[in-house]
Amino acid sequence: MALGKKVKDKTKKLIDSKHMLKGITLASFLESTIVPIPLEAVMVPLMQARRESLWKVALMATIGCIIGAIFGYALGYYLFDMIGQWLIDTFFSQDQFENVKQNMQSQGFWFVMTLGIAPIPFQVAMLAAGATKFSLPLFLLATVIARAIRYFGLALVVYYAGDKAEQLIKRYKMKAVIVITLAVLLLWWLSNVIA
């Protein structure tokens, strides 16, 4: 069975389920930690079919991602202490890691924000933040903002576009991601210029 068909079948079951909100929270957690399939493939049809709950779907997806982000941060924080030196010696140099660590401490908020919006696996941001012991409150703030933009943005499109939302998102998703990512990068740059 093709992956697209499996996603559609699972989405159909989720739409009809009384555990729909728990399911989307779990799916968001899995997507932010281990599953490389973008949650949008499930969320948009779900939001279209259950418009009365579309804001709840966006909220639960955001909460699931935040729980996943805490889990990923903890993995980076605790596992890096166990195998970090081996990783540095194998894949990097001590100087490269120190450079990443310094950049994460000074620019980590914007790094997490950018990866939270851009179509890049968010696991990179979670593990880097934990491994470099980046501020957990700042990490969570950046995660909440980035994922809320992403998920509530989808809800907004479904709210206004209705049944045409899926087509619009497929058509303009990459352009929207580029514009939002560029806006975050511009804010990041401005924060460096002003500071």
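1. Aromatic pairs. The structure, a predicted model, holds 8 aromatic pairs. Rings of Phe, Tyr and Trp (its six-membered ring) pair if their centres lie within 6.5 Å; planes under 30 degrees apart count as stacked, over 60 as edge-to-face and the rest as tilted. Local features need pLDDT of at least 70 and side-chain atom pairs 80 or more, while totals for chains, interfaces and linings use all residues. Residues are numbered from 1 along each chain, and side-chain values use heavy atoms, without hydrogens and water.

2. A stacked pair. Trp 55 and Phe 152 are stacked, 6.3 Å centre to centre with 15° between the planes. This pair links distant parts of the chain: Trp 55 is in helix 4 (residues 54–91) and Phe 152 in helix 7 (residues 136–161), 97 residues apart. Helices (H or I, at least four residues) are DSSP runs, numbered from the N terminus. Trp 55 is partly exposed at 37% relative accessible area, and Phe 152 is partly exposed at 28%. Buried means under 20%, exposed over 50%, partly exposed in between (1.4 Å probe, protein chains only).

3. An edge-to-face pair. Phe 109 and Trp 110 lie 5.3 Å apart centre to centre, with 90° between the planes. Both Phe 109 and Trp 110 are buried.

4. A cluster. Trp 55 and Phe 152 belong to one aromatic cluster with Tyr 159 and Tyr 160.

5. A charge over a ring. Lys 133 lies over the face of Tyr 77, 4.4 Å from the ring centre. The criterion is NZ of Lys or CZ of Arg within 6 Å of the ring centre and within 35 degrees of the ring normal.

Terms used
Helices (H or I, at least four residues) and strands (E, at least two) are DSSP runs, numbered from the N terminus.
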